[in-house]
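Here are my notes on the model you sent.

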Amino acid sequence: MSGTALAAAPDGANNFYASDKVVTRKVVFKNQYRMAVAGKLFTPKALDGHAKAAALVIGHPMGAVKEQSANLYATQMAERGFVTLSLDLSFWGESEGLPRHAVSPDIYAEDFSAAVDFLRTQAFVDGERIGAIGICGSGSFVISAAKIDPCMKAIATVSMYDMGTATRSALNHSQTPEQRQQVIAMAVTQRDAEFRGGATQYTGGTVHELSADTHPIQREFYDFYRTPRGEYTPQGGSPLTTTHPTLTSNVKFMNFYPFNDIETISPRPMLFITGDRAHSKEFSEDAFKRAAEPKELHLVPGAGHVDLYDRVNLIPWTKLTAFFSRHLA
């Protein structure tokens, strides 16, 4: 199969969904590092102007931008009565940060807290009723943030990737310690080259072409990120680098342990949503096992990892709405 042969979008895929029931506007706010974080605020048209609403912060998959999955979730949850805010993590999309596509899990977590700070300043938002949704890698970033930010009153993750474990050990702990050291050595070599003025190099991300031996997981990501289904290049960016973090910074995930002390989030509730066919299911199961009550693991029948990015007929909107309606009441 060549890179020019595009598969049809799966049933229900609607990443760029828009709604006439929701008012949107772009916003920019500063995180504690004084970096400008770009977001999009979604407000239900039916919002009672005399009441303060519950609100949600929504983070995009790792390597993506808010236009990929996060805006969809923000629109759908706004239709259900929540004020929602999608954001571009620092170094990605319209947010500040150099070099572009740098990995900094601490700053990513800070961006979630800064988004909560922003929502708490809005006159129509109840600052005591703010929750968060992290999709894919953002699931691990929002957990990292919530451990030290009690203003996040309820946390849901969808198709979560623990970016620390995924980088240190790969899926199903398939990476050996020797392979890990090889990755680190490559980053060190490239760091030295860039310090001396060499060009930035990128790693990971989604392949740009398919071949007969492309791994099924890469095919899954390709069908979203490299086709009209979900492809999006931010202004000033390049299709050649979308989804790819910088090689020298990606090893910072090896020091990232988001599930350590996850039990300290309790008694704030946590909901872990994953497809029962998702290659990433192990991360949601691990987080659920470690978390303290109240917690829930919700398996979506027939869903893979990327299915829950945009397949509106599979994403459990009723479950998400009930969870946040109950815990942000």
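This is a predicted model: local features need pLDDT of at least 70, side-chain atom pairs count only at pLDDT 80 or more; totals for chains, interfaces and linings use all residues.

1. Two or more lining residues come from each of helices H4 (163-169), H5 (177-195), H6 (216-225) and H7 (247-250). H6 contributes the most, with 4 residues.

2. The volume of the largest pocket is about 920 Å³. Its lining holds 17 nonpolar and 12 polar residues, and no charged ones.

3. The second largest pocket has a volume of about 250 Å³. It is lined by 20 residues, with Arg-100, His-101, Pro-234, Gly-237 and Ser-238 closest to the centre. The lining of this second largest pocket is made up of 8 nonpolar, 11 polar and 1 charged residues.

4. Strand E7 (residues 270-275) is largely enclosed by the rest of the structure, because 6 of its 6 residues are buried. Met-270, Phe-272 and Thr-274 point one way from E7, while Leu-271, Ile-273 and Gly-275 point the other way. In a regular strand, side chains alternate between the two faces of the sheet.

5. E7 runs parallel to strand E6 (residues 154-158), and 4 bridges join the two. Met-270 in E7 is the bridge partner of Ile-155.

6. E7 also runs parallel to strand E8 (residues 295-300), with 6 bridges between them. Here Leu-271 has Glu-296 of E8 as its bridge partner. From E7 the chain passes through helix H8 (residues 281-290) to reach E8, a β-α-β crossover that is right-handed.

Methods
Residues are numbered from 1 along each chain as its sequence is written. Side-chain values use heavy atoms; hydrogens and water are left out. Buried means under 20% relative accessible area, exposed over 50%, partly exposed in between (1.4 Å probe, protein chains only). Two strands pair if DSSP finds at least two bridges between them. A crossover is right-handed if, with the strands pointing away from the viewer, the path from the first strand over the helix to the second runs clockwise. On a 1 Å grid over the protein atoms alone, a cavity is a set of points where a 1.4 Å probe fits but cannot get out, and a pocket is an open set with protein on both sides within 12 Å along at least five of seven lines; lining residues have an atom within 4 Å of a point. Grid points are joined across faces, edges and corners, and a volume is the space filled by probe spheres set on the points. Ala, Val, Leu, Ile, Met, Phe, Trp, Tyr, Cys and Pro count as nonpolar, Asp, Glu, Lys and Arg as charged, and the others, Gly among them, as polar.
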